[in-house]
Amino acid sequence: MNPPSQFEVVKPGLETTVQELPGRLGHWEQGIPPSGPVDFWSFRLANLLVGNPRDTAALECQVMGPTLRLHCSVLIAITGAEMSPTLDGQPIPMWTTVIARAGQTLALRGSRVGMRSYIAFSGGIATTPVLGSRAVFHMAGIGGRALQPGQTLPLGVPGGDQRGLYHVDEAHRPPLGSDESRSVACVRGPNDDWLSDESLTDFVSSDWKVQAQSNRTGMRLSGPVFSFAHRATHKRPEHGQDPSNILDHGYPLGAINLAGQTPIILINDAPSTGGFINPFTVPSAEFWKLGQVRPHEILRFHEVSLDEAQQRRRDLDSAVTQEALTPQ
Amino acid sequence: MIHQHPRFYVGGDRYIEVELGDGMSFELNILVHNLVAAIRQAAIPGIIELIPELASMQISYDPEVISYADVVREVGALHDGASRTDAAELPSRMFYIPVMYFDPWTEACIEDYRSRQPDKQPDAQLVCQANGLPGRDALRRLHAGTDYWVAALGFWPGLCSLMPLDDRARIVAPKYNPPRTWTPRGAVGLGGALTCIYPDRTPGGYQLLGRTPVPTFDREQRLPAFHDDIVLFRPGDRVRFIPIDQAEFEFLESEVEAGRYEHHCVEHQTFSVGRYREARRRLEAGQPAGGSA
């Protein structure tokens, strides 16, 4: 009899979760966020390396990776943040297809460069979808929780059309830890008209330090003080007392959400709505940077037009295909 | 204030905020829901999700399928068409939610907060004072004496913003400052002119008036009401609170725990915007409500 297609969690790592693309769509109006991998560029490359469709369910590891025991032989690939992976204690390369056999132990350590790693398995993770997706919103327990010691996760059946071993060379990966990775494009709006002209300029000309309290809902930044436009200080009382308050409205993923004087970049598990303004929004092609920035690092923002943001999205989308892989 | 034309704001490469007015009123919110219904019905390719809110909505779209300019054009045209008519019949289920007002669990939460913020007036007392009510009984009668409109959901899965449909039951309250670090699951709160039901144990800022034993969010999908969903309400539903005592609370809680509780929901109802407006006009003119309104 074949061994069960699954792996067992020996050590869970820090809030390691199953993620899938496009995430949980269709329930945002009930307060359920899309979730999904934050750095979807690295995530997709991991899937391609093991021969999966690029949006297949895989693990997202944060800061400290997990230790897993494989109950079956599979192809695995680890991308994203450098977490010094080993298989039965022997170092294995990242950004590369690796053959793992039943009984072997895969261990990841703390991230040295970047913040989030992705582990893909041939066949993908086959947990039961909740509301149409395997993506996990672990803080609310939707689609499951973060990995627990002793838990087993089922794997799917590999497609069988690809058994090759591949590698992604540096030119085809997100440049983690580079200056580029800390220079983040943003688009003005939806609530840029609530800030003073001075603050709009300050935002793109200042250093922003990422605070330690950052998770899959968002990351807090510290930097210069904001000043507000007339609209923010002369408004109907329903909007709330603080200049950064606005009547409850929807929150885009990537929004620079200003709560009082603290900007928070909202990412995949963020609140769907709330009563603070969003003067800028980070477009989707920049999300790999948001997924990989570490606490205490300095971010700089630069403004791009809507057209440019959408062009970058197309460019990234067409760059993350089988073509990005080199046969070994 | 309702804008003559909706205002569109860019939210990155795949989201648009559509603002239909400035302020909080049922009239404005119903325009949002009418427009959401019209967009859904039009089934515009490339529009992925809609989040209706109090005076605005967020649209997510796939820019590879539809451009920003085309979303603006199509949604603008739908707004100019159907969204202001009285003829709209919106699907709107009616939920009866049992609530123990001034229950011991929210009282304990309030006292926990007050042990660190001694200047904070107890919630019910503060709300009575702010609204000229003689006491808790009057507050309970007023709060449970109207249907509520689920104007929006958000911030946390299943957290609802409820507007009283009867203007005579409008109660207002300031929010906690600083916010609470925890709130009992099922607590019923009031902030600004909105009521909410906390779906889970979360931080919060609304004044607490009571607690329901029945879940509005069930990640395990155990009870029949959560068969197809994990959140009880959809925007545009209605809610009526039914006051209960502690014995009834405990009975219902045990029914929920045993997996036997069936939510009291009238599935077949719709909400007539025109008839609601008519009933409201009569009320404003001091005329008695007629027949079935």
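The contact between the two chains is considered first. In the predicted model, 47 residues of chain B are in contact with 47 residues of chain A, and the two chains bury about 3,900 Å² between them, with 54% of this area on carbon and sulfur atoms. Of the area that chain B buries against chain A, 15% is supplied by B:Asp13, B:Glu49 and B:Phe155, which is more than any other three residues supply. The size of an interface is often given in this way, as the accessible area lost when the parts come together. Four salt bridges are found across the interface of chain B and chain A. A salt bridge also joins A:Arg314 to B:Glu64, where the closest N and O atoms are 3.4 Å apart.

Over all chains, the structure holds 36 salt bridges. In the pair formed by A:Arg182 and A:Glu297, the closest N and O atoms are 3.6 Å apart. A:Arg182 lies in the loop between strand S12 (166-167) and S13 of chain A, whereas A:Glu297 lies in the loop between helix H4 (287-292) and S20 of chain A, so the pair ties together parts that are 115 residues apart in sequence. A:Arg182 counts as partly exposed, because its relative accessibility is 22% and the partly exposed class begins where the buried class, under 20%, ends.

Other salt bridges lie within a single helix. In helix H5 (residues 306-319) of chain A, A:Arg312 and A:Glu308 are four residues apart, about one turn of the helix, and their side chains meet in a salt bridge with an N to O distance of 3.1 Å. Both residues are partly exposed, A:Arg312 at 24% relative accessibility and A:Glu308 with a relative accessible area of 36%. In helix H3 (residues 104-116) of chain B, B:Glu111 and B:Arg114 are three residues apart, again about one turn, and the N to O distance in their salt bridge is 3.3 Å. B:Glu111 is partly exposed at 40% relative accessibility, and B:Arg114 is partly exposed at 22%. An α-helix has 3.6 residues a turn, so residues three or four places apart point the same way.

Helix H2 (residues 197-205) of chain A has A:Ser199, A:Leu200 and A:Phe203 as its buried residues. These residues lie on the same side of H2(A), because they cover an arc of only 105° around the axis, while A:Asp197 and A:Glu198 are exposed on the other side. The cover over the buried residues includes strands S13 (183-188), S14 (208-214), S17 (255-259), S19 (273-281) and S20 (298-303) of chain A.

B:Thr216, in the loop between strand S11 (207-211) and strand S12 (238-243) of chain B, is buried, with a relative accessible area of 3%. Beyond its neighbours within four places in sequence, the contacts of B:Thr216 include B:Ile197, B:Pro199, B:Phe226 and B:Leu232. A:Val113, by contrast, is partly exposed at 37% and lies in the loop between strand S9 (105-107) and strand S10 (116-121) of chain A. Among the residues that A:Val113 touches, not counting those up to four places away in sequence, are A:Ala81, A:Leu176 and A:Arg294. A:Val63, in the loop between strand S3 (58-62) and strand S4 (67-70) of chain A, is partly exposed at 35%, and together with A:Leu14 and A:Met64 makes a nonpolar surface patch of about 230 Å².

Definitions and conventions: Residues numbered from 1 in each chain as written. Chains lettered and ligands numbered in written order. Predicted model: local features only at pLDDT ≥ 70, side-chain atom pairs only at ≥ 80, totals over all residues. Heavy atoms only, no water. Helix = DSSP H or I, 4+ residues; strand = E, 2+ residues; numbered from the N terminus. Buried < 20%, exposed > 50% of the residue type's maximum accessible area, 1.4 Å probe, protein only. Contact = heavy atoms within 4.5 Å. Arc of directions from axis to C-beta. Patch = residues over 30% accessible without salt bridge, like charges linked within 9 Å, V, L, I, M, F, W, Y side chains within 5 Å. Areas by Shrake-Rupley, 256 points an atom, 1.4 Å probe, with all protein chains shown as cover. Buried area = accessible area lost by both parts, 1.4 Å probe.
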